[in-house]
Amino acid sequence: MTWTIPLTDVVLTEDDVQAVMTCLESGWLTMGPRVRAFEEAFAEYAGTPHAVAVSSGTSALHLSLLAAGVGPGDEVIVPSLTFVAGAAAVRYVGATPVLCDIVSAAHPLIDVDDVARRLTPRTRAVVAVHFFGYAAAIEQLRALCDEHGLALIEDAAQAIGARSESGALTGTIGDLGCFSFFSKKQLSLGEGGMVTTADEALAARIRSLRSHAMTSGTWDRHRGHAESYDVVDFGYNFRLDEPRAALGLSRLPRLEGDLERRRRHVRAYRSELAGVAGLAMPFDDEAVERSSHFAFVILLPDRARRDALRSALAVHGVQTTWYPALSALTAYLDESATPIAAEVSGRHCALPLSAGMSDEQRTQVVAAVRAALA
């Protein structure tokens, strides 16, 4: 289907295109100097000592769990309302994902109290997901994890640039922060990810594991800094390539401006849809100002009316989406019940949102929603 107003959009500037073309013309495409420069720029943006570029947000989660020492026999708590990558990464390392619930429909983020209820002697880590671009209660989770000696991993795949209630940027409170540069994300490179940490040893382990645990890389040997290499661990091929790093270097300086444009659309959406019968909006105005707005989410009374709204919007060429609770997926049906996540999963709908979205497009979406719910 060709959408008149897509869920999100990627707009590349001439500078973006030229940055990638310059990289291609250089003849060096695998992990090299641009990747390192992108890591340094990202670390400066996030205000963190270390940033390690990897091939995806999923590989960021995978390597973070390994670096945190999670393995077979361990349990890792993951919220049920999230994308499946977090729970899958737990299984990649041989551990068991334990699904926890979210706070409420008005605040659909990981519930710290439910995390505490699900702790067992086997619990080794918590994956705190900052969902829809909104920061979870990361300071409370940090205190809980410190109390019980657990690793805290932030899944900020949807929340680059978001801030917690204390003003901290996502990815800077946990032991490790995981970011995604997938096409739908606020900083889109098509694919790619980043791990942030203040721990030098954790950063070094992730740098090693992302490239087969080799003691030197191709770029080192190309420059004559090493003749050969040793392999010191069981590693992976989770490298980021140079063209994507070049694109990241070009787009990162514009990120804050892009986030503010998203925020402006969200403010307008909330104003223009306020008072519409049968429609509610999660989060409050203060949270909106701290969010980096991966998605603009509305809530309908039930699944039937949510699905009817989506069908009506599709007739007008308006693309929407929603996230199933992990507990409803075939591979996770045996996991513990999370009733609030299940309810919100069936009621929520994400409307189109991007930095390049026009006021006219947003107005058309609002009109279509109002007409469908009238």
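Contact, as the word is used here, means heavy atoms within 4.5 Å. In that sense R264, H265, A268, Y269, E272 and L273 of helix α10 meet D359, R362, V365, V366, V369 and R370 of helix α14. The model is a predicted one.

**Helix α14 and its partners**

- Two packed helices are described by the angle between their axes and the distance between the axes.
- Helix α10, which spans residues 255–273, packs against α14 at an angle of about 30°, and the two axes are 11 Å apart.
- Because angles under 35 degrees count as roughly parallel, α10 is roughly parallel to α14.
- The contact of α10 with α14 comprises 6 nonpolar residues, 1 polar residue and 5 charged residues.
- The crossing of these two helices, α10 and α14, is right-handed.
- Helix α12 (residues 303–315) also packs with α14 (residues 359–373), here at an angle of about 130° and with the axes 9 Å apart.
- That angle makes α12 oblique to α14.
- The crossing of α12 and α14 is right-handed.
- On the α12 side the contact is formed by L309, A312 and L313, and on the α14 side by A368, V369, A372 and L373.
- By class, the residues where α12 meets α14 are 7 nonpolar, with no polar and no charged residues.

**Helices α3 and α4**

- Helix α3 covers residues 57–67 and helix α4 covers residues 85–92; they pack at an angle of about 40°, with their axes 9 Å apart.
- The consequence of this angle is that α3 is oblique to α4.
- The crossing in which α3 passes α4 is right-handed.
- From α3, the residues T58, L61, H62 and L65 meet A85, G86, A89, V90 and Y92 of α4.
- This contact of α3 with α4 divides into 6 nonpolar and 3 polar residues, with no charged ones.
- An α-helix has 3.6 residues a turn, so residues three or four places apart point the same way.

- Helix α4 is mostly covered, with 6 of its 8 residues buried.
- The buried residues of α4 are A85, G86, A87, A88, A89 and V90.
- Their cover includes helix α3 together with strands β2 (75–79) and β3 (96–100).
- Just after α4, G94 adopts a positive phi of about 90°.
- P97 has its place in strand β3.
- With a relative accessibility of 1%, P97 counts as buried.
- P97 and I77 are separated by 20 residues in sequence, while their C-alpha atoms are 5.9 Å apart in space.

**Cysteines**

- How many disulfides does the structure hold? The number is 0.
- C100 is buried, at a relative accessible area of 0%.
- C145 also counts as buried, at 1% relative accessibility.

**Positive phi in residues other than glycine**

- Most residues other than glycine have a negative phi, and most peptide bonds are trans.
- A213 is not a glycine, yet its phi is positive, at about 55°.
- The location of A213 is the loop between α7 (200–209) and α8 (218–222).
- A213 counts as buried, with 0% relative accessibility.
- H293, another residue other than glycine, has a positive phi near 55°.
- The loop that holds H293 runs between α11 (285–290) and β8 (296–299).
- H293 is buried, and its relative accessible area is 0%.

Note on methods
Residues numbered from 1 in each chain as written. Predicted model: local features only at pLDDT ≥ 70, side-chain atom pairs only at ≥ 80, totals over all residues. Heavy atoms only, no water. Axes fitted to C-alpha atoms, helices over the stretch in contact; angles between N-to-C directions. Helix = DSSP H or I, 4+ residues; strand = E, 2+ residues; numbered from the N terminus. Parallel < 35°, antiparallel > 145°, perpendicular 65-115°, else oblique. Left-handed = near helix turned anticlockwise from the far one by under 90°. Nonpolar A, V, L, I, M, F, W, Y, C, P; charged D, E, K, R; others polar. Disulfide = S-S within 2.5 Å. Buried < 20%, exposed > 50% of the residue type's maximum accessible area, 1.4 Å probe, protein only.
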